Amino acid sequence: MAISLDTLVRKRADKPPRLLIYGVPKIGKTSFAAEFPAPIFIQTEEGAGDLDVTTFSEQPLGSFDEVCQAIEALYTGEHGFETVVLDSLDWLEPLVWRETCAQNKWASIEAPGYGRGYVEADKHWRFVLDGLNALRERGMSVVLIAHSMVKTHQDPTTEAYDRYEIKLHKRASAMVVETVDVIGFLNYSVAAAKEEQGANKGRVRGTGSGQRVLFLDERPAFIAGSRFETPSQLPLHRGQMFGALAPYLPVHRDRTAVETAQ
C-alpha cells in the first residue's frame, strides 16, 4: 500500500482494554477477573476454585493446542461473553515450552543451549497474544492473570535491589508487558515500623490491615503501569473490585457513566 495523506485514518479510542493483573498468592486475582462483565475463563490452572464462572472444561486445559482452540472458538463462534480471562500466564508457560520442544524434537527448553529455546518459544507466545488481540477487536476485554516473584533488579542508575516481577521468563514477560494497556500489581497495604523499645529495639516490623490495593504506577518495588489516566493505586474490596477500576477504563467507563445516570 502506498502511504500518503489520502490514507490517513483516525484511530479508535474506544477499544476494550487489555489488562495484566499479577500479585501475591491467594489475594484474589481470579476473583477480581470474575467481576468483569460476562467473563469466560481459559483456565490453565485451578485458580477459580469455588467461583461461579464459565470455563471451557471442568479441568484446566492441558496443552498449548487446547488453549488455541479455546481462543479460536471465541473468535469464530456466536456468544455473549464480553471478557476473556486467561488464568494463568505462568501455568501457560510450560505448555508453550512443551509445544516448542515437541516441534523441535528437544528434550527440554534448555536443550539447544544459549537461550535458543526461549527465543523459539516467542512465536508461540506471539500466537496466543495475537489471538487475544483478535478477540479484543471483536469487542472483548482481555484479562491476563499471573503470579508474582521477587527478583533482584539490576538498575544501571543505582545498586541492585529486590522487587516484585511477573512470574515468567524475561522474554515472555517483556512480550506481555508490551502488549497490554494496564499492568496492575495486586498486594496488601503494608506499613513498616521500627520497634522503639525492648529486646527487638530497632528491628523493622511490617503491619497491615489486610486491605487489598491495586498498584497502577511503577515503583522500585514492583512493575506496574497504565496507558489510561488511572490513579497510582486503588483500594479494593471483594465484590467491588471491578467497580473501583471500571471508571478509568475505556468502554467500561462509558457504561458505568450510563448505569450511574440511570
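The following legends describe close-up views of a predicted model.

**Figure 1. Strand β1 and its burial.** Strand β1 spans residues 18-23 and is mostly covered, with six of its six residues buried. Arg 18, Leu 20 and Tyr 22 point one way from the strand. Leu 19, Ile 21 and Gly 23 point the other way. Residues on both sides of β1 are buried.

Figure 2. Strand β5 comprises residues 141-153 and is joined to β1 by six bridges. These two strands run parallel. The bridge partner of Leu 19 in β7 is Val 182.

**Figure 3. The tilted pair of Phe 32 and Phe 36.** Eight aromatic pairs are found in a search of the whole structure. One of them is formed by Phe 32 and Phe 36, whose ring centres are 5.9 Å apart. Their planes make an angle of 45 degrees, and the pair is classed as tilted. Phe 32 and Phe 36 are both buried.

**Figure 4. The stacked pair of Phe 185 and Phe 222.** The rings of Phe 185 and Phe 222 are stacked, at 5.1 Å centre to centre and with 25 degrees between the planes. Phe 185 belongs to strand β7 (residues 182-188), whereas Phe 222 lies in the loop between β10 (212-215) and β11 (225-226), so the pair ties together parts that are 37 residues apart in sequence. Both Phe 185 and Phe 222 are buried. These two residues belong to one aromatic cluster, together with Tyr 22, Tyr 164 and Phe 215.

**Figure 5. The largest pocket and its lining.** The largest pocket has a volume of about 310 Å³. It is lined by 17 residues, of which Lys 26, Lys 29, Thr 30, Gly 47 and His 147 are the closest to the pocket centre. Two or more lining residues come from each of α1 (29-34) and β5. The largest share, three residues, is provided by α1. By class, the lining contains six nonpolar, five polar and six charged residues.

**Figure 6. The second largest pocket and its lining.** The second largest pocket holds about 160 Å³ of space. Its lining consists of Gln 43, Glu 46, Ala 48, Gly 49, Leu 51, Val 53, Thr 55, Ser 57 and Glu 58. Three of these residues are classed as nonpolar, four as polar and two as charged.

Figure 7. Arg 163 is located in strand β6, which covers residues 161-166. The relative accessible area of Arg 163 is 9%, and therefore this residue counts as buried, the cut-off being under 20%. The side chain of Arg 163 makes a polar contact with the side chain of His 153 at 3.3 Å. His 153 falls within strand β5 (residues 141-153).

Technical notes. Residues numbered from 1 in each chain as written. Predicted model: local features only at pLDDT ≥ 70, side-chain atom pairs only at ≥ 80, totals over all residues. Heavy atoms only, no water. Phe/Tyr/Trp six-rings, centres within 6.5 Å; stacked < 30°, edge-to-face > 60°. Buried < 20%, exposed > 50% of the residue type's maximum accessible area, 1.4 Å probe, protein only. Helix = DSSP H or I, 4+ residues; strand = E, 2+ residues; numbered from the N terminus. Pairing = 2+ DSSP bridges. 1 Å grid on protein atoms, 1.4 Å probe; cavity = no way out; pocket = protein on both sides within 12 Å on 5 of 7 lines; lining within 4 Å. Points joined across faces, edges and corners; volume = space filled by probe spheres on them. Nonpolar A, V, L, I, M, F, W, Y, C, P; charged D, E, K, R; others polar. Polar contact = N/O pair within 3.5 Å; in protein donor to acceptor, adjacent residues only side chain to side chain.
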